[in-house]
Amino acid sequence: MEPQLLHSVTDGVATVVIHHPAKRNAMTAGMWAALPPLLDTLAADPTVRALVLTGEGGTFCAGADISTLRASADEAQGLAVRAEDALAAFPKPTLAAVRGHCVGGGCQLAAACDLRFADEGALFGITPAKLGIVYPASSTRRLVSLVGPATAKYLLFSGELIDTERALRTGLVDEVLPEGELDKRVAEFTRVLATRSQLTQAAAKEFADGRMDRDAYWAGQARGSGDTAEGVAAFLERRQPRFTWTTSGSTTQG
């Protein structure tokens with residue numbers, strides 16, 4: 001099978017699989033270019049309430065396919081940044097499920113997700129210093145926002161890999177699971193996400209990512225959505241709420 005991004009949607013959760021096992025799921029130029037339009041399609045799907053990004057088999061992603069850098073490193077980096085930005089802008093909750101190596105461009109993609117769950121044997125690294133590449137400013141800022149400037153400098157200056165214990169301690173990873181438990185935990189957690197209010201999630205995502213000009217917009221959405229009334233009624237009646245607000249029916253980027 002050619003290097004590609006596979007995807008499926010089950011019970012409200014979209015799963016995108018980085019599939020290039022011959023090169024430990026390294027991202028080719030074509031794969032970078034394919035990610036933004038795929039994310040646009042999944043964002044517009046009203047049945048999708050959360051997204052999981054993972055790698056084929058025992059590796060998340062070993063980075064960019066280095067052979068694609070020979071022609072134009074700037075062009076390849078531009079494709080990677082556009083893919084990363086598209087993932088960060090996805091309007092619904094995103095989670096990276098990480099096994100094995102999560103390195104370079106792979107770590108760039110994982111950092112662009114809202115959350116990262118990892119198998120206890122996973123390894124993380126950002127390696128542009130090994131290739132003489134300037135890591136993009138936007139990617140550096142996103143990394144700093146996750147792990148702080150000291151850990152970001154450690155990773156970028158050295159290119160060394162860190163284990164899940166250190167990744168969890170520094171905030172690069174949110175949960176570490178024992179071997180064999182990652183899929184189960186991701187499935188359980190995304191099922192929870194799919195039952196929650198998309199209104200709450202979408203507003204929280206914008207605010208957490210630093211947007212500061214949309215308070216009035218989200219207050220208006222809350223007043224008109226009916227989600228608050230439904231949530232309170234469901235709580236009092238001891239039943240599962242049936243939230244109806246969706247990102248598909250609202251302009252969340254305006």
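This is a predicted model: local features need pLDDT of at least 70, side-chain atom pairs count only at pLDDT 80 or more; totals for chains, interfaces and linings use all residues.

Visitor: Why is S139 called buried?

Guide: S139 has a relative accessibility of 2%. The limit for buried is under 20%, so S139 counts as buried. You'll find S139 in helix 4, which covers residues 137-158.

Visitor: What is S139 in contact with, leaving aside its neighbours within four places in sequence?

Guide: V81, E84 and Q108.

Visitor: What makes the pairing of the S139 and Q108 side chains a polar contact?

Guide: The two side chains are joined at 3.2 Å, and the cut-off for a polar contact is within 3.5 Å. The pair therefore counts as a polar contact.

Visitor: And Q108, how do you know whether that one is buried or exposed?

Guide: Q108 has a relative accessible area of 7%, and buried means under 20%, so Q108 is buried. Q108 sits in helix 3, residues 105-112. Not counting residues up to four places away in sequence, Q108 touches A80, V81, E84, Y135, P136 and S139.

Visitor: Where is L172, and what makes it buried?

Guide: L172 is in the loop between helix 5 (164-170) and strand 9 (175-177). Its relative accessibility is 1%; the limit is under 20%, so L172 counts as buried. Beyond residues up to four places away in sequence, L172 touches C107, R116, F124, L143, L146, V147, I162 and A167.

Visitor: Now the opposite label. Why is D11 called exposed?

Guide: D11 has a relative accessible area of 68%. Exposed means over 50%, so D11 is exposed. D11 lies in the loop between strand 1 (4-10) and strand 2 (13-19).

Visitor: What makes R24 partly exposed?

Guide: R24 is at 44% relative accessibility. Buried needs under 20%, exposed needs over 50%, and partly exposed is in between, so R24 counts as partly exposed. R24 lies in the loop between strand 2 and helix 1 (29-44).

Visitor: What about the phi values of D11 and R24?

Guide: D11 has a positive phi of about 50° although it is not a glycine. R24 has a positive phi too, near 50°, and is also a residue other than glycine. Here's why they get a mention: most residues other than glycine have a negative phi.

Visitor: Back to burial. How do you know that H19 counts as buried?

Guide: H19, in strand 2, has 10% relative accessibility. The limit is under 20%, so H19 counts as buried. The H19 side chain also makes a polar contact with the side chain of E56, at 3.2 Å.

Visitor: Let's do whole helices. Why are helix 7 and helix 8 called roughly antiparallel?

Guide: They pack at an angle of about 175°, with axes 11 Å apart. Angles over 145 degrees count as roughly antiparallel, so helix 7 and helix 8 get that label. Where they meet, L199, A202, A203, E206 and F207 in helix 7 face D215, W218, Q221, A222 and S225 in helix 8. The residues of that contact divide into 6 nonpolar, 2 polar and 2 charged.

Visitor: What caps the N-terminal end of helix 7?

Guide: S197 does: one of its side-chain oxygens lies 3.2 Å from the backbone nitrogen of L199. Just after helix 7, G210 takes a positive phi of about 100°.

Visitor: Last one. How do you know where the buried residues of helix 9 fall around its axis?

Guide: The buried residues of helix 9 (residues 227-237) are D227, E230 and A234. Viewed down the axis, they fall within an arc of 65°, so they line one face of the helix. As a rule, an α-helix has 3.6 residues a turn, so residues three or four places apart point the same way. The buried residues of helix 9 pack against helix 7 (198-208) and helix 8 (215-225). On the other side of helix 9, A229, F235 and L236 are exposed.

How values were computed: Residues are numbered from 1 along each chain as its sequence is written. Side-chain values use heavy atoms; hydrogens and water are left out. Helices (H or I, at least four residues) and strands (E, at least two) are DSSP runs, numbered from the N terminus. Buried means under 20% relative accessible area, exposed over 50%, partly exposed in between (1.4 Å probe, protein chains only). A polar contact is a pair of N or O atoms within 3.5 Å; within protein, one must be able to donate a hydrogen and the other to accept it, and residues adjacent in sequence count only if both atoms are side-chain atoms. Contact means heavy atoms within 4.5 Å. The arc is that of the directions from the helix axis to the C-beta atoms. Axes are lines fitted to C-alpha atoms, for helices over the stretch in contact, and angles run from 0 to 180 degrees between N-to-C directions. Angles under 35 degrees count as roughly parallel, over 145 as roughly antiparallel, 65 to 115 as roughly perpendicular and the rest as oblique. Ala, Val, Leu, Ile, Met, Phe, Trp, Tyr, Cys and Pro count as nonpolar, Asp, Glu, Lys and Arg as charged, and the others, Gly among them, as polar.
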